[in-house]
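Subject: A structure for you to look at

Hello,

Here is the structure I promised to pass on. Please have it open while you read, and my notes follow below.

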Amino acid sequence: MSNLKSCLNIVFECALDDDIIIKNPAKNLQVPQTESKKRTAIEQKQIDLFMGYVKNSEQYAFSYPAFVVLFNLGMRIGEMAALTWDDVNFKENTITINKTVNRYRKADYGFTMAVASPKSKTSIRSVAMNSVVRTTLLKLKMQSVPPAAKLPYVDDSGNIRGQISGFLFVNTSGNVWNEPGFRELIKRIVGRHNKDAEENHTEKIENFCPHMVRHTYTSLAYSAGADVKIVSQNLGHASTSVTLDTYTHLTEEKKKEQEAVAQTVRIS
């Protein structure tokens, strides 16, 4: 809601400067306070069940590297889908995030998927690979993977400016992922696992959406004591305040933990 007010304010200020209007109606607009929805993280035990099942599944093992990157780096689905081998620097041990996969109306643009610039300048970033990500991607690079179909690279207006190829992650048809497709993949994996779990009387996995993986990364990193500035940069947020506002419940939990630690200091 506050973002909408900011956008309206900019539009009306421009109109004011151009003498189109005589007063900015959004200047003193009061935004109603609403309770922010708590972001949900996936429990560690559920992550272990899911990742173990995917890694050892003949049907879904191909998607294991994509899930490793998502859970360990907290990037958005579109950013993960747009990664190419040119973005992976094994020498510097980093991954550069500088584009995203978007969907388009074929009737308007002539294509349904394309690669574009990320949602903001701060979304362009370089993140460090941990040993799990590095090892997984090295193994993936050594595999003989069929080349994915090229996707057009478009500007902010949807005009084609080039072609992108060499994607890290593709589906079984050799095509680049998009969020609906990846969401459906998770649903199928969870459904298959739970069917087996029911037959074997073992623990089931709760279904989750791709963005919950991003929340989980944030929660685990913050709980482990990671600096909020580093977490914010890895997420591609505009500032630490965005991270803190988005994950207020984590800040409150951390505060309680710190207060409990402070209570252990007793001098008499």
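Which residues of the largest nonpolar core touch the most other members? They are Phe50, Phe67, Leu137, Phe169 and Phe182, in a core of 49 residues. By nonpolar core I mean a set of buried Ala, Val, Leu, Ile, Met, Phe, Trp, Tyr and Cys residues joined through side-chain atoms within 4.5 Å. Buried stands for under 20% relative accessible area, exposed for over 50%, and partly exposed for what is in between (1.4 Å probe, protein chains only).

Before going on, please note that this is a predicted model: local features need pLDDT of at least 70 and side-chain atom pairs count only at pLDDT 80 or more, while totals for chains, interfaces and linings use all residues. Residues are numbered from 1 along each chain as its sequence is written, and side-chain values use heavy atoms, with hydrogens and water left out.

At least two of its residues come from each of α2 (44-56), α3 (64-73), α4 (77-82), β2 (94-97), β4 (113-116), α6 (131-142), α7 (179-200) and α8 (210-223). Of these, α3 gives the most, with eight residues. Helices (H or I, at least four residues) and strands (E, at least two) are DSSP runs, numbered from the N terminus. Another core, of five residues, lies apart from it and includes Phe111, Ala114, Ala116 and Val154.

Phe182 deserves a look of its own. Leaving out residues up to four places away in sequence, Phe182 touches Ala66, Phe67, Leu70, Ile77, Met80 and Trp177; contact here means heavy atoms within 4.5 Å.

Now for the rings. The structure has nine aromatic pairs, where rings of Phe, Tyr and Trp (its six-membered ring) pair if their centres lie within 6.5 Å; planes under 30 degrees apart count as stacked, over 60 as edge-to-face and the rest as tilted. Phe62 and Trp177 are stacked, because their ring centres are 6.5 Å apart and their planes stand at 15 degrees. This pair links distant parts of the chain, 115 residues apart: Phe62 sits in the loop between α2 and α3, and Trp177 in the loop between β7 (160-164) and α7. Phe62 is partly exposed, at a relative accessible area of 32%, whereas Trp177 is buried at 5%.

Phe67 and Phe182 make a tilted pair, 4.9 Å centre to centre with 45 degrees between the planes. Phe67 belongs to helix α3 and Phe182 to helix α7, so this pair ties together parts that are 115 residues apart in sequence. Both residues are buried. Ring pairs also join Phe50, Phe62, Phe67, Phe71, Trp177, Phe182 and Phe208 into a cluster.

Where does Met129 sit? Its place is in the loop between β5 (125-128) and α6, and Met129 is buried, at 5% relative accessibility. Among the residues that Met129 touches, not counting those up to four places away in sequence, are Asn89, Phe90, Ile95 and Leu137. The C-alpha atoms of Met129 and Leu73 are 7.8 Å apart, though 56 residues separate the two along the chain.

Finally, the chain as a whole. It holds eleven helices and seven strands, and 38% of its 268 residues count as buried. Of the contacts between residues at least 6 apart in sequence, 60% join residues at least 24 apart.
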